[in-house]
Amino acid sequence: MAFGWIDEQADARRRAGLVRTLRPRPADTPLLDLASNDYLGLARHPEVTEAAAAAARTWGGGSTGSRLVTGTTELHTELERELADFCGFEAALVFSSGYAANLAAVTALAPHGSLIVSDAGNHASLIDGCRLARATTQVVAHADPEAVRKALGTHAGEAVLVSDTVFSVDGDAAPLAEFAMACREHGAGLVVDDAHGLGVLGPGGRGAPHAAGLAGADDVVVTATLSKSLGSQGGAVLGPARVIEHLINAARTFIFDTGLAPAAAGAALAALRLLRREPERAARARTVATELHARLTAAGLEAVRPDAAVVSVRAPSPESAVRWAADCRAAGLAVGCFRPPSVPDGISRLRLTARADLSGAQIERAVRVIGETRP
Ligand code: PMP
């Protein structure tokens with residue numbers, strides 16, 4: 001039978017208790033949310049939602065075409081200018097998702113015959129960028145500048161190092177300054193995905209590259225998402241103007257994809273302006289993460305010390321992680337659950353996000369529920 005192998009895989013998933021399900025989120029959820037990526041609590045901020053609605057009224061429900069045809073509005077170019085300025089880079093380009101931005105940056109900046117050095121903890125979208133690129137990829141040990149140096153030393157031609165700034169599974173940060181140094185020793189470019197750093201790290205949330213002194217560097221390219229701290233949807237690439245010009249002309253996920261929806265561009269722009277006005281939101285997200293980690297540890301749970309707003313809690317097995325997350329939900333707490341095959345290291349964990357708008361009482365309640373439901 002056609003697609004018969006799909007049923008075999010489905011049976012295996014059911015037997016392992018690892019079936020993924022889609023649960024529509026009620027608009028007005030009674031759950032305490034430590035699962036979303038709305039790090040700064042901006043997704044429902046009235047200025048952000050109103051900007052989205054106003055953009056849709058002015059420009060329409062969709063962008064109507066690819067960026068190079070009809071899909072660029074004034075909102076897109078304003079957002080690009082302000083994002084680049086905020087993060088300290090010469091230029092920026094927005095995409096319909098962070099995933100598309102990563103595919104664009106990696107494929108367009110790693111030409112045929114070049115070497116991509118890729119950190120073992122990278123997000124799936126960077127991994128897929130490596131798979132699509134016409135370059136050779138060498139995966140190196142996680143967060144290991146020496147391993148990067150060694151890999152770069154094996155190749156004489158063009159090379160690029162690709163890494164997350166904050167790794168999405170455990171919330172640990174990459175040694176960015178050391179990565180940049182290793183790249184410079186070998187004349188290689190550095191492409192970093194700041195999906196979890198923008199809005200959280202650096203002064204006023206200007207991102208991990210800014211914090212590492214790499215803003216505006218001519219050999220550094222940053223990708224980001226508009227769907228986490230900025231409470232919207234979409235992605236971006238930031239870097240030297242000549243790199244952005246190259247992407248406009250060469251990146252397939254830019255050229256052949258419909259432009260970011262105006263509502264998403266408007267919402268992200270409003271969120272960015274809010275963050276400029278209220279820079280303390282970034283520091284608050286970091287403080288909440290530190291407090292969450294301290295309380296979890298005090299309750300005897302094995303939590304990874306967070307470098308940004310993601311807090312990872314170890315679970316004994318994939319099945320127990322799935323059950324633990326379900327028990328939290330039943331007790332009114334939404335948490336993320338990462339388990340194989342989503343995690344390459346095979347370690348299952350609950351993944352908590354520390355939102356800037358969580359109160360002390362909410363943090364306390366979350367830790368109590370996680371402790372009471374532990375497997
Ligand atoms: N990079 C990282 C590190 C991410 O966590 C994500 C989102 N899960 C993405 C890229 C993709 O971004 P988007 O959701 O905007 O496609």
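Mentor: Start at the end of a helix. The model is predicted: local features require pLDDT of at least 70, side-chain atom pairs count only at pLDDT 80 or more, and totals for chains, interfaces and linings use all residues. Residues are numbered from 1 along each chain as its sequence is written.

Trainee: Which residues of H2 are buried?

Mentor: First the general idea. An α-helix has 3.6 residues a turn, so residues three or four places apart point the same way. Now the cut-offs: buried means 20 or more other C-beta atoms within 10 Å of a residue's own, exposed means 12 or fewer, and partly exposed is in between, with C-beta atoms placed from the backbone. In H2, the buried residues are Val48, Ala51, Ala52 and Ala55. Seen down the axis of H2, they fall within an arc of 100°, so they line one face of the helix. The arc is that of the directions from the helix axis to the C-beta atoms. Pro46 and Arg57 are exposed on the other side of H2.

Trainee: What covers the buried residues of H2?

Mentor: The cover includes H3 and H11. Contact here means that two residues have C-beta atoms, placed from the backbone, within 7 Å.

Trainee: How do I describe a helix pair?

Mentor: Two packed helices are described by the angle between their axes and the distance between the axes. Axes are lines fitted to C-alpha atoms, for helices over the stretch in contact, and angles run from 0 to 180 degrees between N-to-C directions. H2 (residues 46-59) and H11 (residues 262-277) pack at about 145°, with axes 7 Å apart. Their crossing is right-handed. A crossing is right-handed if the near helix is turned clockwise from the far one by less than a right angle, and left-handed if anticlockwise. On the H2 side the contact includes Val48, Ala51 and Trp59; on the H11 side, Pro262, Leu269 and Leu274 are among them. By class, the contact has 15 nonpolar, one polar and one charged residues. Ala, Val, Leu, Ile, Met, Phe, Trp, Tyr, Cys and Pro count as nonpolar, Asp, Glu, Lys and Arg as charged, and the others, Gly among them, as polar.

Trainee: At what angle do H4 and H5 cross?

Mentor: Roughly 40°, with the axes of H4 (residues 98-109) and H5 (residues 124-132) coming within 8 Å. H4 passes H5 in a right-handed crossing. Residues of H4 including Tyr99, Leu103 and Val106 meet residues of H5 including Leu126, Cys130 and Leu132. By class, that contact has seven nonpolar, five polar and one charged residues.

Trainee: What covers the buried residues of H14?

Mentor: Take length first. The 13 residues of H14 (360-372) should span 18 Å, and its end C-alpha atoms are 18 Å apart, which agrees. Ile363, Ala366, Val367, Val369 and Ile370 are buried. Seen down the axis of H14, these residues fall within an arc of 160°, so they line one face. Gly360, Ala361 and Glu372 are exposed on the other side of H14. The cover of the buried residues includes strands S1, S9, S10 and S11, along with helices H12 and H13.

Trainee: Which loop backbones deserve a look?

Mentor: Proline 340 and proline 341 are joined by a cis peptide bond, omega about 10°. Proline 341 lies in the loop between S10 and S11. Threonine 64, in the loop between H2 and H3, has phi near 75°, a positive value in a residue other than glycine. It has 15 C-beta neighbours inside 10 Å, so it counts as partly exposed. Alanine 143, between S4 and H6, has phi near 50°, again positive and not a glycine. With 20 C-beta neighbours, alanine 143 counts as buried.

Trainee: What does glycine 17 touch?

Mentor: Glu319 and Val322, not counting residues up to four places away in sequence. Glycine 17 sits in the loop between H1 and S1. Glycine 17 and glutamate 319 are 302 residues apart in sequence and 6.1 Å apart in space, C-alpha to C-alpha.

Terms used
Helix = DSSP H or I, 4+ residues; strand = E, 2+ residues; numbered from the N terminus. Expected span 1.5 Å × (residues − 1).
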